[in-house]
Amino acid sequence: PRFKMALQQNEIMDVFSDDYNELVDVDGVFGNKSDNNLKEYQSFTDLEFSKNKTIAHIDWHPSIKGIVAVTYTEKLKYDDRVDLSSRILMTPSLILIWGFSDPIHPQLVLEAPEDILCFKFNPTDPNIVAAGCINGQ
């Protein structure tokens, strides 16, 4: 019965179709090409903590609206990171908690010993943040 059902589903849906071709703009589609661009809503900038760094991960606060957390890492290739490892160890890696009410100053700064590649708020207790560092911690 499962095999028969799988064959019937293959007949209903073309599994070999290219979904990206379906997303291409067509002249008859609602809106025009200028509507298809992303627009900046708000920019969070801190010259002390995020200057010359790249964003590694972003997460919305699960219960408070208008709060977003961002982690930044050094803009370095692997070889440069190895060569400058002693300097990088001396500079803390941070998770900056931003609010839409003040896009210039972070509301909270969380510090870690190594660059943070990912993090997540606990959905049941947002006061707990789990994070993964570049060294595997």
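The legends below describe close-up views of a predicted model of one protein chain. Because the structure is a prediction, local features are reported only where pLDDT is at least 70 and side-chain atom pairs only at pLDDT 80 or more, while totals for chains, interfaces and linings use all residues. Residues are numbered from 1 along each chain as its sequence is written, and side-chain values use heavy atoms, with hydrogens and water left out.

**View 1. Overall layout and confidence of the protein chain.**
The protein chain contains four helices and six strands, where helices (H or I, at least four residues) and strands (E, at least two) are DSSP runs numbered from the N terminus. Along the sequence these elements follow the pattern α-α-β-β-α-α-β-β-β-β. Of the 137 residues in the protein chain, 24% are buried; here buried means under 20% relative accessible area, exposed means over 50%, and partly exposed lies in between, with a 1.4 Å probe and protein chains only. The mean pLDDT of the protein chain, pLDDT being the predictor's confidence in each residue from 0 to 100, is 78, and 76% of the residues reach 70 or more. Among the elements, helix H4 (residues 85-90) has the lowest mean pLDDT, 61, whereas E5 has the highest, 89.

**View 2. The open four-stranded sheet.**
Four strands form an open sheet in the order E1-E2-E3-E4 with antiparallel pairing, two strands being counted as paired if DSSP finds at least two bridges between them. E1 and E4 are the edge strands, each of which pairs on one side only. From one strand to the next the twist averages 25 degrees, with axes taken as lines fitted to C-alpha atoms (for helices over the stretch in contact) and angles running from 0 to 180 degrees between N-to-C directions. In a regular strand the side chains alternate between the two faces of the sheet.

**View 3. Strand E2 and its two neighbours.**
Strand E2 (residues 67-74) is mostly covered, with eight of its eight residues buried. On the E1 side, E1 and E2 pair in the antiparallel sense over seven bridges, and Ile 55 has Tyr 72 in E2 as its bridge partner. E1 and E2 form a hairpin with six residues between them, and in the turn Gly 66 has a positive phi of about 85 degrees. E2 is also joined to E3 by five bridges, the two strands running antiparallel, and here Ile 67 stands opposite Gly 99 in E3.

**View 4. The E3 and E4 pairing.**
Five bridges join the antiparallel strands E3 and E4. Ser 93 is placed opposite Ala 112 in E4.

**View 5. The aromatic cluster around Phe 44.**
Phe 44, Trp 60, Trp 98 and Phe 100 form one aromatic cluster. Rings of Phe, Tyr and Trp (its six-membered ring) are paired if their centres lie within 6.5 Å, with planes under 30 degrees apart counted as stacked, over 60 as edge-to-face and the rest as tilted; by this rule there are three aromatic pairs. The rings of Phe 44 and Trp 98 have centres 5.4 Å apart and planes at 35 degrees, so this pair is tilted. Because Phe 44 lies in the loop between helix H2 (19-22) and strand E1 (53-60) and Trp 98 lies in strand E3 (residues 93-99), the pair ties together parts that are 54 residues apart in sequence. Trp 98 is buried, with a relative accessible area of 0%. Phe 44 and Phe 100 also form a tilted pair, at 5.6 Å centre to centre and with 55 degrees between the planes. Phe 100 lies in the loop between E3 and strand E4 (108-112), and Phe 44 in the loop between H2 and E1, so this pair ties together parts that are 56 residues apart in sequence. Phe 100 counts as partly exposed, at 28% relative accessibility.

**View 6. The salt bridge between Asp 59 and Lys 120.**
The structure holds one salt bridge, defined as a side-chain nitrogen of Lys or Arg within 4 Å of a carboxyl oxygen of Asp or Glu. It is formed by Asp 59 and Lys 120, whose closest N and O atoms are 3.7 Å apart. Asp 59 lies in strand E1 and Lys 120 in strand E5 (residues 116-121), so the pair ties together parts that are 61 residues apart in sequence. Asp 59 counts as buried, at 10% relative accessibility.

**View 7. Cys 118 and Cys 133.**
With a disulfide taken as a pair of cysteine sulfur atoms within 2.5 Å, the count comes to zero disulfides. The sulfur of Cys 118 is 8.9 Å from the closest cysteine sulfur, in Cys 133, which is too far for a bond. Cys 118 is partly exposed, with a relative accessible area of 40%, whereas Cys 133 is buried, with a relative accessible area of 13%.
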